[in-house]
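Let's take a walk through a protein together.

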Amino acid sequence: MVIVHVAYMAMPDCDGCVYPPFPLVLLGIGYSIYASVMWASIPYIVEPRTVGTAFGVVTSIQNAGLAAIPPALGGIVSATSYQHGYFWASFFLVVMGLIGLVTAIMLFIDDGKKGRVLESKNPNKESVMDNTADKLGNEW
């Protein structure tokens, strides 16, 4: 996603000289992969008794972003004039993408400390439950 937004920053500001649907298709593919991985990984990285809460927290954070980012982008576009404001809007999205990349790296490191559950080819429920039970001290 970062690459697509950098590509948009590099595109010239003219009518008909650039074909933007190709980067948009790449962006859609990136968001689709991100969403499918993010939602599917939640049951594997939280304790079984908190899965519902985890889904609620992720949904709340996602909705907060969906509520806050479009007005912020609109403010950036309105306040800047370089390439009709879209250069700095793309820059903002690149920064947000880099924050997401750093967060993903932190999650990867944390997952390494917890047995590489997210990296396994087929994380079965038993190994996840056993790993969680070990962390909880077999309380459940």
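Predicted model: local features only at pLDDT ≥ 70, side-chain atom pairs only at ≥ 80, totals over all residues.

The protein has 140 residues, and its secondary structure comes to 5 helices and 0 strands. How much of the protein is buried? Of the residues, 19% count as buried.

Now look for the largest pocket, which holds about 1800 Å³ of space. It is lined by 40 residues, and those closest to its centre are Met1, Tyr34, Met38, Gly100 and Thr103. Which elements give two or more residues to this lining? They are α1 (2-10), α2, α3 (51-79) and α4 (86-113). Helix α4 gives the most, with 14 residues. If you sort the lining by class, you find 29 nonpolar, 8 polar and 3 charged residues.

Next, turn to the surface. Phe22, Val25, Leu26, Ile29, Ile33 and Val37 form a nonpolar patch there, and together they have about 570 Å² of accessible area. To place one of them, find isoleucine 33, which sits in helix α2 (residues 21-45).

What about charged partners? A search of the whole structure finds 1 salt bridge. In this salt bridge, the side chain of arginine 49 meets that of glutamate 47, with 3.0 Å from N to O. The two partners can be sorted by their accessibility. Arginine 49 has 61% relative accessibility, so it counts as exposed, because the cut-off for that class is over 50%. Glutamate 47 has 28%, so it counts as partly exposed.

Methionine 9 lies in helix α1, while methionine 11 is in the loop between α1 and α2. Are these residues buried or exposed? Methionine 9 counts as buried because its relative accessibility is 17%, and buried means under 20%. Methionine 11 is buried too, with a relative accessible area of 17%. Now find glutamine 83. Along the chain, methionine 9 and glutamine 83 are 74 residues apart, yet their C-alpha atoms are separated by 9.1 Å. Methionine 11 and glutamine 83 are 72 residues apart in sequence, and 9.6 Å lie between them in space, C-alpha to C-alpha.

Our last stop is a detail of the backbone. Most residues other than glycine have a negative phi. With that in mind, look at arginine 116: it is not a glycine, although its phi is positive, at about 55°. Where is this residue? Arginine 116 is found in the loop between α4 and α5 (125-136). With 34% relative accessibility, arginine 116 counts as partly exposed.

Then find the nonpolar patch on the surface, with isoleucine 33 as one of its members.

Technical notes:
Residues numbered from 1 in each chain as written. Heavy atoms only, no water. Patch = residues over 30% accessible without salt bridge, like charges linked within 9 Å, V, L, I, M, F, W, Y side chains within 5 Å. Areas by Shrake-Rupley, 256 points an atom, 1.4 Å probe, with all protein chains shown as cover. Salt bridge = Lys/Arg side-chain N within 4 Å of Asp/Glu carboxyl O. Helix = DSSP H or I, 4+ residues; strand = E, 2+ residues; numbered from the N terminus. Buried < 20%, exposed > 50% of the residue type's maximum accessible area, 1.4 Å probe, protein only. 1 Å grid on protein atoms, 1.4 Å probe; cavity = no way out; pocket = protein on both sides within 12 Å on 5 of 7 lines; lining within 4 Å. Points joined across faces, edges and corners; volume = space filled by probe spheres on them. Nonpolar A, V, L, I, M, F, W, Y, C, P; charged D, E, K, R; others polar.
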